[in-house]
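Dear colleague,

Please find below the structure that I am handing over to you. My notes on it follow directly after.

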Amino acid sequence: MQGVYDTVVLGATFSGLGAAYAGCGRTLVIERRSNMGYEFIACLNPGSGWNETRVSDIGGFFKKELYSRGILSPDGLVHLPALEPLLSRWVKDCSFSVLLLTEVIKIKKVENTYEIQIYNSSGFGTIKACNIVDTLGNPLLQSRVNVGILSKSINAMLYGDTTQEPVLNNQQAQILKGKLSGEYILKYPLEIEDNWITARKKLHEFWLNRPSELKPWTLAYVANSFDMCAEKGVYQVYDTWNILPCYSFNNPLEALEVGAKFARERNYCHADVL
Amino acid sequence: MRNLQEKGIIAMRMCYKENNRITYANIDEIDFKHAYDVIVVGLGTAGAYAAITAAKNKLKVLGIERLNCMGGTSTAGGVLGYYFGSSGGLFEDVDKKIDKYSGTVYTSSTRACGEAKIYVLEQELLSYGADIFYETICTGVFLDEHNKVKGIRVFHQEGFTDISCKVLIDGTGDSDICEMIGVKTYFGREMDGVTVPFTSVMTSIIDKRILGTNFDCGRVDQRDPWELSKAIIRSNSCHLKEKYTAEGGRMLFICPLLGIREGRFIEGKETLRLKDFFEGKITQKPVFYAYADVDKHGFDNAFESETLQDWTVASNLGAVNVTVPVPYEIMIPKGFLGILRAGRGMSMDRDMANCVRMIRDMQKAGEVAGNAAYLSIVNDCELEEIDYEQLRAMLEKTKCYDAANNRGFWFDGRGDNVERRRIEWLTDIDDIKKGLSSSKPGVAIWSCKLLHRNNKEITGALEEWLKADCENLSKHSAIALALCGVKSSLPHLRQIAEERDNFVLQDCRKHNQIRGVIAVYLIGKLRDVKMVDGLIEFIKPEEVNHPMYVREYSADGYWFNKIYFQFFSHSIMALIKIGRDYKDLRKKIQSALKEAVKDNEYISRITNYKEEDYIYSVVKNVGRIVESEICRW
């Protein structure tokens, strides 16, 4: 599974895909999950400030698609699930490569390049790259930079057999509105240390014992990714290995734009080094 | 750190996979951070129940799962309902708990409630004291000098960890763990290596309930991470709509797990084969009964095995449900100790796996594995030495094994256009004649095959009926005769094929076959050299102009000439079979086959679907099959 790339992007997140799109040369996105853009889509984070984000070609393309397909409203409400097929359609036609269901085991810096040990259905393999755009900041891969997670929640799409809006008079959790009629998302806060088992248990218990006015509402879909918030910024592990935390953006357009802008500014194209 | 010899182990190796090759490293010392009785890798449909059963038996159990939830295809894969399978087993109680939360905490589904199942499975396993490592992969397996599993190496958020176990259960979709230690495995169709198409599932809320909608989206070799990644992205992109509204249902999510139906099969201590099953060679020591139709999916029947085509094409019984007694030994990887395989990759041929793969039955397979692990540990014996009666007694308690599930063959589709009834194979000559005279001759045709195989006289009557005035009786007798291998059927089969008989038999609720296509299949099966010229005519471009071939249009303007494809592909395969057996005819056949698929022009006669589409890929595969076959000649 040897491969040589100008840039390897860690995480098929919106910022990672934006960087992959804008980078020149051979680019590979490595993702441990089977889905993309999960920091908004699969974690059911509808984001904020969609219409305030200044967009270039990439963001502009998405924004136009989102409006024309009825996914985003002028007042910034979004039908999140529909982002996934749209993102997939776009990635399918892009020139960069994507390797899903691939774990990054270890990264070793060898002079000006990186040897990235990965694991997937082919077993262990090594990918070489000149640059790393890391949108996940996994502390297992490097100890120089610690990207702090500020908050964490488990979200769920609600369904209610009622015309009433769900109201939660409880500071513990929030209800967010989606674009389509009846589309509401429960955002249930967690401790940073919570894992899937404790998170699901807390959510289940909370909803089992919800106030009577919320009884018509049930959990239609529990997010399969945690909704997290991280400090904004570019964190440098080395000059050519930078972390853009995917959980630090307000909405997918902003994430795409920041990723693309970063790659353009760095002009990631150094294949001759290898 | 413990020296292995202190533990009585002379030599240990760690098996792992690197750059698609199985390799191993000799181990001198090992430090197992944790010790368990049973480790289950892959908490999917079977693995979840293997872990729950073992833990319920008071074993110390660790479940390892790459995703972040249990249930696999039946939860993350969005295949929420049960498609056949037989009732009884531990899952029945778990399902009742799931039902309790459906509509109260979690939104009801038109089938089972996936979110409730994720929660209940997890709580069930934890309630018996088991540990679960989510988002964890198994990267290595430790084996001693007797090929006995001693533990595994996992990679998770803490890095690598080595863990020991007495029994390892491989619950992965693709027998990854068995492959890693060197168990012989099989993958794909003999003809061309392809697998059953995968399904892509999207869920929506429609009429107050969650509904999963799915469609066959293509074929993928999931062992290739690049191909798999492309398949996932393409599959997800297929769900893109022009406009999203709440009318007609609100989209919820695309399932994160691709609906892959077929993976690697292991070579086990015993192997379950469809051919053996049809010949009555079945186990006398079943651990459960699997129950479903031979649900093969895909429409390129011509390239399937003759066992499968005799049943689905020649006898038109593709939608008939069969009951398969499943032996425990198909879970025991041949040549290895301390490991079981539970799930769709158990030791079966792929023909049989079309039937023995449904969710209920795979949950039962998990339950069997969990109990077998228990017996092996408490009786201090190898997994292959456990006592069948003891195992069956445990399975009887939950009705995982239930003799009442030995139901035989059934027309059993819900909402069927065919009467729901048990099939009794015919032995009375008048009953057979009546069946063959009808538009539903399947049972009679297969009964003839069974009688002939058991040396009961039937071919004389069939030859007599070839001359009958009744068209159905005459033609179906020819089909039955051919299935018995009698070549006097050939003139009649040629006639059926040449007149492009487009009568569709009516036996089943789905997949009913065209009589002309059946004839072409049987001509190939009997290697009819006199029909070579006729078959060559079928694959010439002008054949498509015959009025019986009509394009079937989709709502978005794409079309597929399904009947033409069947004649074309079956004729190609019949010629290949004749060419394989008659070297003197190869030049002529080779030339015709080459011409038929030249420059892929034939594809545009069959479909206008886009290159990325599943239908296009299946049609294009015909050309690949021809090229590959010709190369071998």
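Predicted model: local features only at pLDDT ≥ 70, side-chain atom pairs only at ≥ 80, totals over all residues.

How many bridges join β1(A) to strand β6 of chain A? There are 7, and β1(A) and β6 (residues 123-134) run parallel. Strands pair here if DSSP finds at least two bridges between them.

Residues are numbered from 1 along each chain as its sequence is written, and chains are lettered from A and ligands numbered from 1 in the order in which they are written. Helices (H or I, at least four residues) and strands (E, at least two) are DSSP runs, numbered from the N terminus.

Strand β1 of chain A (residues 3-10) has 6 of its 8 residues buried (20 or more other C-beta atoms within 10 Å of the residue's own, C-beta atoms being placed from the backbone). β1(A) also pairs in the parallel sense with β2(A) (residues 27-30), over 4 bridges; T7(A) has T27(A) as its bridge partner there.

Turning to the interface, the contact (C-beta atoms, placed from the backbone, within 7 Å) takes 50 residues from chain A and 50 residues from chain B. On the chain B side, the elements that give two or more residues are β2 (12-18), α3 (114-127), β8 (137-144), α5 (225-237) and β14 (250-254). Of these, α5(B) provides the largest share, 9 residues.

Yours sincerely

Key. Buried ≥ 20, exposed ≤ 12 C-beta atoms within 10 Å, placed from the backbone. Contact = placed C-beta atoms within 7 Å.
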